[in-house]
2 protein chains.
Amino acid sequence: MRAMRKGEATRQAILEHAVGLARQVGLQGLTIGRLADDLSLSKSGLFAHFRSKESLQLQVLEAAAERFIDVVVRPALKIGRGEPRLRALFDGWLAWKDPQHSPRGCVFVQTAAELDDQEGVVRDRLVQMQRDWLDVIATSARGAVREGQFRSDVDVDQFAHDFQSVLLGYHHATQLLRDPRAEHRARAALDALISAARRH
Amino acid sequence: MRAMRKGEATRQAILEHAVGLARQVGLQGLTIGRLADDLSLSKSGLFAHFRSKESLQLQVLEAAAERFIDVVVRPALKIGRGEPRLRALFDGWLAWKDPQHSPRGCVFVQTAAELDDQEGVVRDRLVQMQRDWLDVIATSARGAVREGQFRSDVDVDQFAHDFQSVLLGYHHATQLLRDPRAEHRARAALDALISAARRH
């Protein structure tokens, strides 16, 4: 039992390092060999923990998703339904994009660009995670309709798509263009989106 | 004179191949050695054409930008000012994103994700290209204000930022999520953006 716990703690520590390495070399550059070199561990020892490159990549994605849920989703679920929750999700995403959590940009945006023209279980898992995220937004928008904050004919899936576009525009404006007005622009875009959903 | 022309034709043919290779391996994976292997040419011959990895990458970006101008910008400039031109730019970008021009997704979106955490002249050139593109949109929006199609207090730089966010959202929805409603969503987002700029 204690050995299992120690094994699990080791796996977690290695995984944390792997997430950092994936940010540098991309998810596809993350191999068991590369990780072994980086940690001065034996390849065979790492194989015992992760079994295959694919399984390592999947576990890195899962670890990032858990952190995303902690930073973005969970705090927002404690906030009142509808519009306040949507704004909390937005603020959470901006905090997630902050260098503290995402020193080289959002790992999901990065990985999307890397894997979007690939096939396989890693891509499929990333797509599922993105759909889950869009569902969180659409469900919160549906909450805003139920609370009477948004019009009853608002297309909540379109709202989720547009919300995500605002986030991608923010990522592009900060990460590539280093536009000092990026946050101001993104907040103005969110306000316009919410105001259009409210209008009677 | 004829020798110069032949040299230039060879350089163009190699560059075309290099653009295709960059789509596969990323701009950073594109080295003179890799390109030489791929074309079964000598490295020293390629060095004579491109001089350095950096210069090769810059020339690949310029070649892609020229094609982008041909497919997206030039046709739109023939269209009436303001809103019709903005819609033509949007249609042009959707055509650009089509597999015919962008078999693996838009090379600028891809390269942005790749270079956004780097430093150097290649990144700087990409940023300048993106700013030029935002300027084309802002200038067209300013045209819409002058033509009386948009309100006079529309912030044309915010409009350009939002327009670009819609394109990034479309790219994400088609390229990663393979959402069959992606184009419908993007067109609805553009209509909402234009309608908000018109409203008195």
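What is the mean pLDDT of chain A, and what percentage of its residues reach 70 or more? For chain A of this predicted model, the mean pLDDT (the predictor's confidence in each residue, from 0 to 100) is 92, and 98% of the residues reach 70 or more. The model scores are ipTM 0.92 and pTM 0.92. Because the model is predicted, local features need pLDDT of at least 70 and side-chain atom pairs count only at pLDDT 80 or more, whereas totals for chains, interfaces and linings use all residues. Residues are numbered from 1 along each chain as its sequence is written, and chains are lettered from A and ligands numbered from 1 in the order in which they are written.

Chain A contains nine helices and zero strands, where helices (H or I, at least four residues) and strands (E, at least two) are DSSP runs numbered from the N terminus. Its pattern along the sequence is α-α-α-α-α-α-α-α-α. Along the principal axes, the C-alpha atoms of chain A fill a box of roughly 65 × 40 × 30 Å.

Chain B superposes on chain A through a rotation of 180 degrees with 0.0 Å of shift along the axis, at an RMSD of 0.0 Å; this is the relation of a two-fold axis. The superposition is by least squares on the C-alpha atoms of residues with pLDDT of at least 70 in both copies. Ser165(B) is the residue of chain B that comes closest to the rotation axis, with its C-alpha at 2.6 Å.

At the interface, 28 residues of chain B are in contact with 28 residues of chain A, contact being defined by C-beta atoms, placed from the backbone, that lie within 7 Å. On the side of chain B that touches chain A, at least two residues each are supplied by α6 (107-115), α7 (121-146), α8 (156-176) and α9 (182-198). The largest share, twelve residues, comes from α8(B). This side of chain B comprises 13 nonpolar, ten polar and five charged residues; Ala, Val, Leu, Ile, Met, Phe, Trp, Tyr, Cys and Pro count as nonpolar, Asp, Glu, Lys and Arg as charged, and the others, Gly among them, as polar. Because 100% of the interface residues of chain B are also interface residues in chain A, the copies meet through the same surface.

The axes of α6(A) and α6(B) come within 9 Å and cross at roughly 130 degrees, axes being lines fitted to C-alpha atoms, for helices over the stretch in contact, and angles running from 0 to 180 degrees between N-to-C directions. The two helices are therefore oblique, given that angles under 35 degrees count as roughly parallel, over 145 as roughly antiparallel, 65 to 115 as roughly perpendicular and the rest as oblique. Val109(A), Gln110(A) and Ala113(A) meet Val109(B), Gln110(B) and Ala113(B) in this pair, a contact of four nonpolar, two polar and no charged residues.

The axes of α9(A) and α8(B) come within 10 Å and cross at roughly 75 degrees, so α9(A) is roughly perpendicular to α8(B). Here Arg185(A), Ala188(A) and Ala189(A) of α9(A) meet Gln158(B), His161(B), Asp162(B) and Ser165(B) of α8(B). By class, this contact has two nonpolar, three polar and two charged residues.

Key. Two residues are in contact if their C-beta atoms, placed from the backbone, lie within 7 Å.
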